[in-house]
Amino acid sequence: MTGRFDLRVASGEDVEAIVGIAQAAYGKYVERIGRRPAPMAADFAASVEAGQIWVAVDSSDLVGYVVYYPDGAAMHLENVAVVPELAGCGLGRRLIGHVESEAVRLELAAVELYTNAKMWENLDLYPHLGYDLVERKAQDGFDRIFFRKRVG
């Protein structure tokens with residue numbers, strides 16, 4: 001891997017690699033949460049078909065992805081992951097920045113997301129990136145914390 005990441009919209013040929021990244025990135029949370037996190041069971045093929053996934057590519061290797069879509073007056077950031085060996089290198093932040101830029105381009109007011117309350121790392125990350133904690137609630141059998149960042 002060269003460390004130079006290109007971002008592009010995902011294609012159907014990317015689905016297998018996206019699933020592999022999700023399994024690798026979120027697998028560490030299974031024991032902590034007590035079940036597979038939602039991204040490990042996501043229908044990535046449908047999200048790719050809907051044009052909702054962008055991937056990060058290093059040379060020819062997929063090394064990360066982000067799933068997002070407009071939802072009312074906000075952009076919903078559904079899922080972001082990078083291969084574990086690149087965790088902490090800033091690629092996840094770059095993918096989140098892409099979502100924020102798209103929200104601005106579409107003249108949306110904010111980016112909204114949620115994370116599992118047991119993914120402690122994210123509870124520090126999102127406020128550091130300017131996201132405000134909105135609420136905490138049980139949803140789909142998970143304890144989720146919702147964040148929002150005004151953009152534009």
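# Aromatic rings and the nonpolar core

Tyr-26 is buried, with a relative accessible area of 9%. This is a predicted model. It holds five aromatic pairs. One of them joins Tyr-26 to Tyr-29. Tyr-26 also belongs to the largest nonpolar core, which has 47 residues.

**Aromatic pairs**

- A pair of aromatic rings is described by two things: the distance of the centres and the angle of the planes.
- Tyr-26 and Tyr-29 form a tilted pair. Their centres are 6.3 Å apart, with 50 degrees between the planes.
- Tyr-29 counts as buried because its relative accessibility is 6%, and the cut-off is under 20%.
- Phe-44 and Tyr-65 form an edge-to-face pair.
- Phe-44 is buried at 3% relative accessibility. Tyr-65 is buried too, at 0%.
- Ring pairs also join Tyr-126, Tyr-131 and Phe-147 into a cluster.

**The largest nonpolar core**

- Which residues touch the most other members of this core? They are Ile-18, Tyr-26, Ile-53 and Tyr-65.
- Several helices each supply at least two residues of the core: helix 1 (15-26), helix 3 and helix 4 (91-105).
- Strands that each supply at least two include strand 2 (53-58), strand 3, strand 4 (74-82), strand 5 (110-116) and strand 7 (142-150).
- Leaving out residues up to four places away in sequence, Tyr-26 touches Pro-37, Pro-39, Met-40, Tyr-65, Asn-79, Val-80, Ala-81 and Met-119.

**Charges over rings**

- Arg-35 lies over the face of Phe-142, 3.9 Å from the ring centre.
- Lys-137 places its charged end over the ring of Phe-146, 5.2 Å from the centre.

- The side chain of Glu-100 makes a polar contact with the side chain of Tyr-131, at 2.7 Å.
- Tyr-131 is also part of the ring cluster with Tyr-126 and Phe-147.
- Setting aside neighbours within four places in sequence, Glu-100 is in contact with Val-111, Tyr-131, Lys-149 and Val-151.

Note on methods:
Residues numbered from 1 in each chain as written. Predicted model: local features only at pLDDT ≥ 70, side-chain atom pairs only at ≥ 80, totals over all residues. Heavy atoms only, no water. Phe/Tyr/Trp six-rings, centres within 6.5 Å; stacked < 30°, edge-to-face > 60°. Buried < 20%, exposed > 50% of the residue type's maximum accessible area, 1.4 Å probe, protein only. Lys NZ or Arg CZ within 6 Å of the ring centre and 35° of its normal. Core = buried A, V, L, I, M, F, W, Y, C linked by side-chain atoms within 4.5 Å. Helix = DSSP H or I, 4+ residues; strand = E, 2+ residues; numbered from the N terminus. Contact = heavy atoms within 4.5 Å. Polar contact = N/O pair within 3.5 Å; in protein donor to acceptor, adjacent residues only side chain to side chain.
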